[in-house]
Amino acid sequence: MTKKKQSIFTSQKFIVLLVVIGLMIVFSLISKDFRKYTTLLSMLDYSYYDVLMAIGVAFPLITGGVDLSIGTGMVCYALAGGYLIRFHSWPVGAAILVSILFGCAIGLLNGVLIAIMDLPPFLATLCTCMITRGLGSICSGSFGIPWPIANADNGWFHSIFKITLASGTKIPLGFLWMVLLALLMAFVLGHTKFGRYVIAIGSNKEATILSGINVKFYHVMAYVVCGLFAGLASISYANAIPTVQPGTGAGMELDAIGGAIVGGVSATGGYGTIIGTLLGTYVICLLKTGLPYIGLQANWQQIITGLVLIGAVLIDILKKERIKK
Amino acid sequence: MGDVILTMKGIDKSFPGVHALDHVDFEVKRGEVHALMGENGAGKSTLMKVLTGIYTKDSGSITYEGKEVEFHNTREAQDAGIVIVHQELNMVGDLTVAQNIFIGREFKKGFMIDDKKMVEESKKLFDTLKIEIDPTAKMSDLTVGKQQMCEIAKAISHEAKVIIFDEPSAALTEKEIEDLFAIIRDLREQNLGIVYISHRMDEIKVITDRVTVMRDGTYVGTLITKDCTKEDIINMMVGRVIYEEPKTKSLVAPDAPVVLKVEHLNAGRMVQDVSFELRKGEILGFSGLMGAGRTETARALFGADPKTGGDIYINGEKVTINSPQDAVKHGIGYLSEDRKRFGIVVQKSIIENSTLACLDDYLSGPFINKKKEKEVTEKYIKELDTKTPGSDQLVVNLSGGNQQKVVIAKWLVKNCDILIFDEPTRGIDVGAKNEIYKLMNRLAAEGKSIIMISSEMTEILRMSDRIVVMCEGKKTGEIAIEEATQELIMDKATRDIK
């Protein structure tokens with residue numbers, strides 16, 4: 001028996017990092033416009049909500065489940081917060097808090113349905129996906145709701161994600177938060193009881209139950225964390241999108257789930273890293289932003305993203321088979 | 001009884017590390033019901049699997065209707081007329097009875113399935129069997145007994161000449177068993193050869209003509225049923241020489257306190273009114289045949305399955321155990337018979353497995369103290385002599401014996417005082433077995449109390465201080481090791497159910 005130690009250079013994280021760098025180089029070489037700093041700024045603005053959703057959904061994925069409600073959920077929470085600011089003159093800070101708590105509540109609902117009432121995750125979150133879409137429309141009275149713009153009195157929250165220096169240079173501060181949040185959640189996954197049990201549930205739920213662990217609680221918590229991040233994502237969504245439209249959001253969860261899986265989160269549970277999720281999501285974001293610059297329009301993006309996902313899932317299957325041998 | 005239809009001669013089959021069949025002989029005549037008996041693991045099922053082509057024999061010959069044959073899969077055996085009616089029914093619950101009977105060989109009208117004809121044919125089959133089942137009923141709506149009748153009908157529709165019943169009565173009611181016997185007698189009249197595998201002595205006496213007994217993969221002998229007694233059969237089943245020294249006297253101190261008392265435990269059909277006591281430092285063996293309800297008792301005790309009644313006392317105090325969490329809190333650890341499914345998290349490291357049950361003790365604030373975790377894991381790797389290149393090794397890369405040690409370590413790290421070992425040496429090679437035995441003895445000597453469920457007679461006699469015997473969900477005996485013999489245990493384990 002030989003000691004198997006995975007080298008950092010063959011780890012999926014490293015490969016995905018290379019892909020991110022490679023994509024940036026390729027797009028930059030082909031398109032002059034892609035090389036512009038404003039393109040990078042815009043891409044980052046639109047990446048934050050994908051990243052936040054992906055970090056969140058990594059937890060249900062690692063337990064062997066999924067959360068399909070994060071896309072419509074995110075839009076719903078943003079609508080709820082926006083409604084309070086616009087029509088009830090709530091301070092932005094309080095509205096942000098409501099959006100985040102709303103996310104946690106839907107996460108809790110998902111968790112209860114799945115971990116306690118034993119609904120299949122796919123089905124349970126498909127239902128909450130529809131519910132949040134409906135709730136969003138009700139919150140907003142079926143009208144699009146804009147959050148305050150950056151130079152409005154209460155538009156301070158935009159500076160969480162992007163600040164303008166005295167020289168006029170814009171700094172994508174949000175990216176720093178993404179990296180810090182990813183590091184924090186990586187630590188939670190790798191170094192806390194919650195993280196350890198989330199992995200154990202995805203790896204072998206029965207054995208975890210028989211080890212005397214309150215599996216239901218930790219299983220629910222995985223979905224609450226996912227809801228929390230969908231709530232956070234709603235803030236970055238309101239930052240990026242001028243007017244949040246009810247009825248949208250469906251399909252956005254797929255970019256996040258895809259990002260997590262490209263980043264090495266096992267589609268069948270039991271394995272995954274948050275740093276990988278961060279990188280994987282940027283592969284998806286780069287494809288979304290970059291492909292139009294090299295003349296491939298929306299339809300092609302979807303096809304290519306789909307193919308990249310198939311590749312990632314195949315790698316996951318091969319990896320599992322190798323472990324079995 | 002007519003002429004011999006099927007002869008198996010000198011059948012030999014080995015699996016890695018196990019000589020499953022050692023030159024076994026077996027024959028079936030037309031118009032006879034031939035019982036095949038033996039303890040768990042005696043090789044009955046393996047022999048039947050060799051016959052029907054699920055396993056390939058290493059040597060020996062099978063003669064069927066005067067010709068030497070070799071089937072490569074169950075389909076070939078079926079086509080030749082040899083069919084097994086399995087213990088677990090192979091039916092698709094959502095299809096109708098007729099659709100199930102003709103699955104895989106549906107009648108067609110053009111390219112459409114001819115359901116009408118299948119229903120008609122099914123009716124004819126049921127008529128010949130003199131049973132009443134609606135062929136258009138959904139399979140899952142039938143009782144287990146009726147489903148089994150359908151299996152038999154299916155077998156006959158293959159124009160079977162030899163039908164093998166693998167413990168057919170295990171899930172049936174008295175009335176259903178009578179119906180089954182009526183059908184079997186009918187089939188015998190029609191000159192079919194019937195193999196009947198069962199543990200129930202009373203049934204063997206009622207329905208069979210001859211009995212062949214196997215033991216540890218060898219052929220022991222064949223008797224005419226009406227000329228033999230239950231004792232004759234039991235003697236043949238257990239008459240092995242025990243090589244390992246059996247325990248001759250209990251090692252438990254006479255004044256050792258009772259640490260666990262279970263009273264009137266009930267959990268479904270498989271656990272009926274089970275009561276027993278476990279003392280400090282004792283190894284309490286749980287013996288019985290397959291389906292005796294031992295694992296179910298352990299799981300109910302551990303809170304893994306719901307119980308319908310019963311009281312549990314730990315150190316004299318009544319406790320409530322509704323989940324594994326409760327059980328672990330009260331210092332009970334369960335080592336499952338199916339390690340890979342219930343025991344270990346295979347794709348995780350030894351460290352993660354070792355501290356899984358008591359991560360709370362290895363936290364610094366909210367964070368896992370990985371250094372402390374590694375220390376305790378390495379302590380137990382050393383103490384249990386687990387063979388691994390390091391504590392961060394994935395458990396999947398360890399051998400069965402070493403995986404078992406990781407599970408033991410998990411409960412020792414948690415400091416459990418009551419350990420339930422369910423088939424502790426299943427799938428573990430001989431050398432590692434001895435290590436596990438030594439380890440269990442050491443744990444008992446150190447004051448841990450052990451419940452050991454085992455289907456291996458030698459293991460029971462070698463390890464236990466006292467033996468509880470179960471049969472079909474009930475406790476049928478409690479034997480001190482000083483009085484225990486294979487015959488006595490087997491007698492209790494096969495108690496006639498009236």
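This is a predicted model: local features need pLDDT of at least 70, side-chain atom pairs count only at pLDDT 80 or more; totals for chains, interfaces and linings use all residues.
Let's start with how chain B is divided. Its domain assignment gives domain 1, covering 4-238, and domain 2, covering 258-493. Taken over C-alpha atoms, the centres of domain 1 and domain 2 of chain B sit 36 Å apart. The two do touch: 11 residues of domain 1 of chain B are in contact with 12 residues of domain 2 of chain B.

The largest nonpolar core has 126 residues, and Phe165(B), Leu260(B) and Phe276(B) are the ones with the most contacts inside it. Helix H14 of chain B, residues 400-413, supplies the largest share of this core, with 7 residues. Both domains of chain B take part, since at least three residues of the core come from each of domain 1 (4-238) and domain 2 (258-493).

Skip its neighbours within four places in sequence, and you still find it in contact with Phe276(B), Glu277(B) and Leu278(B), along with Leu301(B), Ile312(B), Tyr313(B), Ile314(B), Ile418(B) and Ile451(B). There is also a second, separate core of 88 residues, which includes Ile70(A), Ile85(A), Ile96(A) and Val198(A).

Val198(A) leads us to a helix pair in chain A, as it is one of the H8(A) residues that meet H7(A). Helix H7 (residues 173-191) and helix H8 (residues 193-203) of chain A pack at about 70°, and their axes are 5 Å apart. An angle from 65 to 115 degrees counts as roughly perpendicular, so H7(A) is roughly perpendicular to H8(A). On the H7(A) side, the residues involved are Val188(A), Leu189(A) and His191(A); H8(A) answers with Lys193(A), Phe194(A), Gly195(A), Arg196(A), Val198(A) and Ile199(A). Sorted by class, this contact has 5 nonpolar, 2 polar and 2 charged residues.

Finally, back to chain B for some backbone geometry. Asn191(B) has a phi near 75°, a positive value in a residue other than glycine. You'll find Asn191(B) in the loop between helix H6 (174-189) and strand S10 (193-197) of chain B. Its relative accessibility is 43%, so Asn191(B) counts as partly exposed.

Glu423(B) isn't a glycine either, yet its phi is positive, at about 50°. This residue lies in the loop between strand S21 (418-422) and helix H15 (430-445) of chain B. Glu423(B) has a relative accessible area of 7% and is therefore buried, the cut-off being under 20%.

Key:
Residues are numbered from 1 along each chain as its sequence is written. Chains are lettered from A and ligands numbered from 1 in the order in which they are written. Side-chain values use heavy atoms; hydrogens and water are left out. A nonpolar core is a set of buried Ala, Val, Leu, Ile, Met, Phe, Trp, Tyr and Cys residues joined through side-chain atoms within 4.5 Å. Buried means under 20% relative accessible area, exposed over 50%, partly exposed in between (1.4 Å probe, protein chains only). Helices (H or I, at least four residues) and strands (E, at least two) are DSSP runs, numbered from the N terminus. Domain bounds come from an automatic or database domain assignment. Contact means heavy atoms within 4.5 Å. Axes are lines fitted to C-alpha atoms, for helices over the stretch in contact, and angles run from 0 to 180 degrees between N-to-C directions. Angles under 35 degrees count as roughly parallel, over 145 as roughly antiparallel, 65 to 115 as roughly perpendicular and the rest as oblique. Ala, Val, Leu, Ile, Met, Phe, Trp, Tyr, Cys and Pro count as nonpolar, Asp, Glu, Lys and Arg as charged, and the others, Gly among them, as polar.
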